[in-house]
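This briefing concerns the structure shown below.

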Amino acid sequence: MITIPSKVTGDIQPLDRLFFRMYKDFFRKISSFIILHSLPLQVHHRDVILKMHSVVYQQFQSPRFGDLVNQAWHLCGYTDESFDYVNPTEFSFPKKLTGHCDHENCDDRLLLKCGWCKAPLCFHHFYDQYHLCKIYLP
C-alpha cells in the first residue's frame, strides 16, 4: 500500500492540477455575470447551482477541450507526451465578444461563445433555454 503525503494532491492528482481550476473559473464567470447584471437568479440556490454545473460540464465535454485532461496527466508526470490544449474560459469568454446572440431577434447582452458550435449566446439562450449543443464545429 502506498500512502500519499499530505498537501501534495494538487501536484499528483491530474484534475486538481489543471482541470478543476479552469472549471471553477468558467463557473465563476457565469456567476459574476448573473450578479453584475442583476439577473433574477439566486446563485446560491441548489437548483441554480445544479443547472449551472450541468451546462458548464456539458461545455467542457466539447472535443475542443479534450486535450485539457491529457495535459493534466502530463503535468503530474504520468505521461511523457505533452498536449496543446484550449483553455475553456479563454475560448468561451474572449476579451472582445462582439456581435449578436445566435438566436433570431435576440438583442440581449452576450455571455459566451459555445465551446461546441462557436455560437455567441446571451444568458437567456445559454442558461434559461438550456443550450445543450452537440454540434461540433472545429
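A residue is called buried under 20% relative accessible area, exposed over 50% and partly exposed in between, with a 1.4 Å probe and protein chains only. The model is a predicted one, in which local features need pLDDT of at least 70 and side-chain atom pairs count only at pLDDT 80 or more, while totals for chains, interfaces and linings use all residues. Residues are numbered from 1 along each chain as its sequence is written, and side-chain values use heavy atoms, with hydrogens and water left out.

**Overall fold**

- The chain has 6 helices and 2 strands, where helices (H or I, at least four residues) and strands (E, at least two) are DSSP runs numbered from the N terminus.
- Read from the N terminus, the order of elements is α-α-α-α-α-β-β-α.
- Along the principal axes, the C-alpha atoms fill a box of roughly 60 × 35 × 25 Å.
- Of the 138 residues in the chain, 37% are buried.
- With contact taken as heavy atoms within 4.5 Å, 49% of the contacts between residues at least 6 apart in sequence join residues at least 24 apart.

**Nonpolar core**

- A nonpolar core is a set of buried Ala, Val, Leu, Ile, Met, Phe, Trp, Tyr and Cys residues joined through side-chain atoms within 4.5 Å.
- The largest such core has 32 residues, and I30, F60, L112 and F126 are those with the most contacts inside it.
- Two or more residues of this core come from each of helix 2, helix 3, helix 4, strand 1 (110-113), strand 2 (120-122) and helix 6 (123-128).
- Helix 2 supplies the largest share of the core, 9 residues.
- Apart from neighbours within four places in sequence, F126 is in contact with I30, V55, Q59, L111, L112, L121 and H131.

**Helix 4 and its surroundings**

- L68, Q71 and A72 are the buried residues of helix 4 (residues 67-75).
- Viewed down the helix axis, the buried residues of helix 4 fall within an arc of 105°, so they line one face of the helix; the arc is that of the directions from the helix axis to the C-beta atoms.
- The cover over these buried residues includes helix 2 (14-36), helix 3 (46-60) and helix 5 (88-92).

**Aromatic pairs and cluster**

- Rings of Phe, Tyr and Trp (its six-membered ring) pair if their centres lie within 6.5 Å; planes under 30 degrees apart count as stacked, over 60 as edge-to-face and the rest as tilted.
- The structure holds 11 aromatic pairs.
- F19 and F60 form an edge-to-face pair, at 5.3 Å centre to centre and 80° between the planes.
- Since F19 lies in helix 2 and F60 in helix 3, the pair ties together parts that are 41 residues apart in sequence.
- F19 and F60 are both buried.
- F60 also pairs with F65 in a tilted arrangement, with 6.2 Å centre to centre and 45° between the planes; F65 is buried, as is F60.
- One aromatic cluster is formed by F19, F20, Y23, F26, F60, F65, F91 and F93.

**Charged side chains**

- A charge sits over a ring if NZ of Lys or CZ of Arg is within 6 Å of the ring centre and within 35 degrees of the ring normal.
- K51 lies over the face of Y127, 4.5 Å from the ring centre, and its charged end also sits over the ring of Y130, 4.9 Å from the centre.
- The whole structure holds 1 salt bridge, defined as a side-chain nitrogen of Lys or Arg within 4 Å of a carboxyl oxygen of Asp or Glu.
- This salt bridge joins R28 and D25, with the closest N and O atoms 3.7 Å apart.
- R28 and D25 are 3 residues apart in helix 2, and are therefore separated by about one helical turn.
- R28 is partly exposed at 48% relative accessibility, and D25 is likewise partly exposed at 30%.

**Individual positions**

- S92 belongs to helix 5 and is buried, with a relative accessible area of 0%.
- Leaving aside neighbours within four places in sequence, S92 is in contact with F26, Q59, F65, L112, K113 and G115.
- D47, in helix 3, counts as exposed at 54% relative accessibility.
- D47 and K118 are 71 residues apart in sequence, and their C-alpha atoms are 27 Å apart in space.
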